[in-house]
Amino acid sequence: MNSESVLQAYINRIKQNNIEPNKIGTIKACYLNKNGYAVLKSLEPVNAGNAGYFRVRYRNFDKIRAFNNLLIQSGVPTSKIYVCKYFENDYYELQERVVGRPLYKYNSEQICKDALNINCDLNELSKQQLLNVSDYVFNYNLQTIKMLNQAPQEHFDELLNGIMVMANFGIREFDNNGENILYSPKTGFKLVDLDIEEFIKDYVKNKKQPLTEQEKFDCATGSFAEIFENCLYFADPVYMLDCPLFNEKQISELHNQNVDISKKIYTAIKNNGYSLHDKDYASYVLKSIVGEQNFNLNFGKVISKTEGRKK
């Protein structure tokens, strides 16, 4: 059975059984299958008002798939893309399913569904519901941190290497929120939902005006460290809320638990042949991950001062 036949079979199954998606994003829903596939579907029927993204992706799909394969062959840990099609005004896409745990919760509607089993946004919740969501997200992040504390150093090294490959292609940034990075103790880190269209534009731009070595370093190490900012996203007021979801005690505990992860981040940067300086963005992110006191205690003597740095 070819990829298009596989996709059509899943489309028929979704429609006939009115299956609910496993994950809901901004414009796409994701259906996961045990046979190693993931099906992406437009949340709304594609019409004149919202056709832009999906039409462009459909028209350029062969180029998108080819560049995605190039990234994989070059060492970027992401999923394969197989085929796409329109069916009854909906856009569908068949990808390789990535198995692993998303590093932290990000999408507010998905959080409400996971924590409270209701479909709404955070700013629609009562005070007690917000407390329940806070406990759910905090405990989810804490469990993830404990899992990553047991992860081998080579998994962190491989992830940074893949991100450096993207920087070498001229890719300055990617949507590196924790729902787009999955971790499995067996296979390591995987990146999902990469914006390949924008990556191709960056690649073409880089051919004309290449990134400097310093720019590549900043892009890669900064994006790499940001992946593990599990205590920050809900530490500030979000989604029109008057207060953060995490209290000071929770943030302090996350900071303390993040120390071992941050050491692995620092070691991965060193193992990839780079040294951190105090003015590098990655150093700033490390401080936000563990808090200033933990940062000074664990990294104050190993991260170099900027003075005299070679550009």
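Author: In this predicted model, a salt bridge is a side-chain nitrogen of Lys or Arg within 4 Å of a carboxyl oxygen of Asp or Glu. The structure holds 10 salt bridges.

Reader: What makes the pair K41 and D90 a salt bridge?

Author: The N to O distance between the side chains of K41 and D90 is 3.9 Å. The limit is 4 Å, so the pair meets the definition. The two residues lie in distant parts of the chain, 49 residues apart, with K41 in strand β3 (residues 37-42) and D90 in strand β5 (residues 90-96). Both K41 and D90 are buried. They also belong to a network of salt bridges that links K15, K41, E88 and D90.

Reader: Which elements does the salt bridge of E197 and R57 link?

Author: The side chains of E197 and R57 meet at 2.9 Å, N to O. This pair links helix α7 (residues 196-208), which holds E197, with helix α2 (residues 51-59), which holds R57; the two residues are 140 residues apart.

Reader: Why are E197 and R57 called buried?

Author: Buried means under 20% relative accessible area. E197 has 12%, and therefore counts as buried. R57 has 4%, so R57 is buried by this criterion.

Reader: How are E213 and K216 placed in helix α8?

Author: E213 and K216 are 3 residues apart in helix α8 (residues 213-226), and therefore about one helical turn separates them. Their side chains meet in a salt bridge of 3.4 Å, N to O.

Reader: What decides whether E213 and K216 are buried or exposed?

Author: The relative accessible area decides. E213 has 57%, and the cut-off for exposed is over 50%, so E213 is exposed. K216 has 14%, which lies under 20%, so K216 counts as buried.

Reader: Which residues make the contact, and how do they divide by type?

Author: From α10 come V259, S262, K263 and Y266, and from α12 come N294, N298 and F299. The residues of this contact comprise 3 nonpolar, 3 polar and 1 charged.

How values were computed:
Residues are numbered from 1 along each chain as its sequence is written. This is a predicted model: local features need pLDDT of at least 70, side-chain atom pairs count only at pLDDT 80 or more; totals for chains, interfaces and linings use all residues. Side-chain values use heavy atoms; hydrogens and water are left out. Helices (H or I, at least four residues) and strands (E, at least two) are DSSP runs, numbered from the N terminus. Buried means under 20% relative accessible area, exposed over 50%, partly exposed in between (1.4 Å probe, protein chains only). Contact means heavy atoms within 4.5 Å. Ala, Val, Leu, Ile, Met, Phe, Trp, Tyr, Cys and Pro count as nonpolar, Asp, Glu, Lys and Arg as charged, and the others, Gly among them, as polar.
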